[in-house]
Amino acid sequence: IITAMAIYYFTYVVGKPEFLSVFMVATSIARLVATFAASRIGVKLGKRRVYWIFVSLAAAGFASSRFLTGTPWGFTFMFCLATMCGSIAASMNTALFADTVVYGEWKTGKSIRAFTMALMNLSIKVGVLIRSAVVTVGLMAIGFVANTTPTPRVTEGLSSIMTLGPAAAYVLAAAIFYFGYKIREADVLRMQEEIAARKTAQVIP
């Protein structure tokens, strides 16, 4: 949503389409910095805790950007902070999926690692679908017309889609994860020990 809406935002709301390149570079640097920091933060706090905390912080950051829509630099800075939080959370994805592999083998006695890890791509596909729907329906709902002077309703709508759209997605993700994902670090270690014990028992006649 952010990438798709950025060109509309800086062209019709800010009135500075050339600032888009600054925005894109800044957010890309924020993602890179977050990726390097994620491993240390994950080890220190635990991947489950890191995920829901930083997803929640990202939601707060994107929502706060709604109040900075008149200042390109302040808006970009807040978006960079929110992007960093979201990227740190996203860096936990592979490890969290790996824990579900351990849980699945512990629960069923069979390892379906390849299938489970492949499901990571499913969320990307669903995200692309939702993005297309949100952008298309959102632009239609606010009455956007390309290459015309935007009305106050259009500028307000573009600002809301750009900021509150990602914020709502992160709030939903935080809620689903916090209440739905119950696998803790200690649980994973215990399940791994039990799986190893089962395999050892099967080998010994």
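# Reading pockets, patches and salt bridges

User: Is Arg184 buried or exposed?

Analyst: Arg184 is classed as exposed, with a relative accessibility of 52%. Buried stands for under 20% relative accessible area, exposed for over 50%, and partly exposed for what lies in between (1.4 Å probe, protein chains only). The model is predicted: local features require pLDDT of at least 70 and side-chain atom pairs pLDDT 80 or more, while totals for chains, interfaces and linings use all residues. Residues are numbered from 1 along each chain as its sequence is written, and side-chain values use heavy atoms, without hydrogens and water.

User: With which residue does the side chain of Arg184 meet in a salt bridge?

Analyst: A salt bridge requires a side-chain nitrogen of Lys or Arg within 4 Å of a carboxyl oxygen of Asp or Glu. The partner of Arg184 is Asp187, at 3.2 Å from N to O. In contrast to exposed Arg184, Asp187 is buried, its relative accessible area being 13%.

User: Where do Arg190 and Glu194 lie, and how many residues apart are they?

Analyst: Helices here are DSSP runs (H or I, at least four residues), numbered from the N terminus. Both Arg190 and Glu194 belong to helix α9, at a spacing of four residues, or about one turn of the helix. Arg190 is partly exposed at 36% relative accessible area, and Glu194 is partly exposed at 31%. Within it, the closest N and O atoms of Arg190 and Glu194 are 3.4 Å apart.

User: How many salt bridges does the structure hold?

Analyst: There are seven salt bridges in the structure. One of them joins the side chains of Glu156 and Arg66, at 2.5 Å from N to O. This pair links distant parts of the chain, 90 residues apart, with Glu156 in helix α8 and Arg66 in the loop between α3 and α4. Arg66 is buried at 16% relative accessibility, whereas Glu156 is partly exposed at 46%.

User: How much space lies in the largest pocket?

Analyst: On a 1 Å grid over the protein atoms alone, a pocket is an open set of points with protein on both sides within 12 Å along at least five of seven lines; a cavity is a set where a 1.4 Å probe fits but cannot get out; lining residues have an atom within 4 Å of a point. The largest pocket holds about 1800 Å³. Its lining has 44 residues, and those closest to the centre are Tyr51, Asn93, Ser123, Gly127 and Tyr170. Helices that each supply at least two lining residues include α2 (19-45), α5 (93-108) and α8 (152-180). The largest share, 10 residues, comes from α7. By class, the pocket lining comprises 28 nonpolar, 13 polar and three charged residues.

User: Which residues line the largest cavity?

Analyst: Ile2, Thr3, Phe23, Met24, Thr27, Arg31 and Thr83 line the largest cavity. Two or more of its lining residues come from each of α1 and α2, with α2 giving the largest share, four residues. The cavity lining has three nonpolar, three polar and one charged residues. The volume of the largest cavity is about 40 Å³, and the search of the whole structure finds one cavity of 30 Å³ or more.

User: Which residues form the nonpolar patch on the surface?

Analyst: A nonpolar patch joins, within 5 Å, nonpolar side chains of residues with over 30% relative accessible area and no salt bridge. In this structure, Ile112, Phe115, Leu119, Leu122, Val126, Ile130 and Val134 form the patch, with about 610 Å² of accessible area together. Helix α7 contributes the most, four residues. Ile130 is in helix α7 and is partly exposed at 48% relative accessibility.

User: What is the phi of Asn147 near?

Analyst: Most residues other than glycine have a negative phi. Asn147 has a positive phi, near 60°. Asn147 is placed in the loop between α7 and α8 and is exposed, with a relative accessible area of 73%.

User: How far apart are Leu189 and Ala173 in sequence and in space?

Analyst: Leu189 and Ala173 are separated by 16 residues in sequence and by 26 Å in space, C-alpha to C-alpha. Leu189 sits in helix α9 (residues 185-203) and is exposed at 52% relative accessible area.

Technical notes: Grid points are joined across faces, edges and corners, and a volume is the space filled by probe spheres set on the points. Ala, Val, Leu, Ile, Met, Phe, Trp, Tyr, Cys and Pro count as nonpolar, Asp, Glu, Lys and Arg as charged, and the others, Gly among them, as polar. Patches are made of residues with over 30% relative accessible area and no salt bridge: like charges are joined within 9 Å, nonpolar side chains (Val, Leu, Ile, Met, Phe, Trp, Tyr) within 5 Å. Accessible areas come from the Shrake-Rupley method with a 1.4 Å probe; for residues, only the protein chains shown count as cover.
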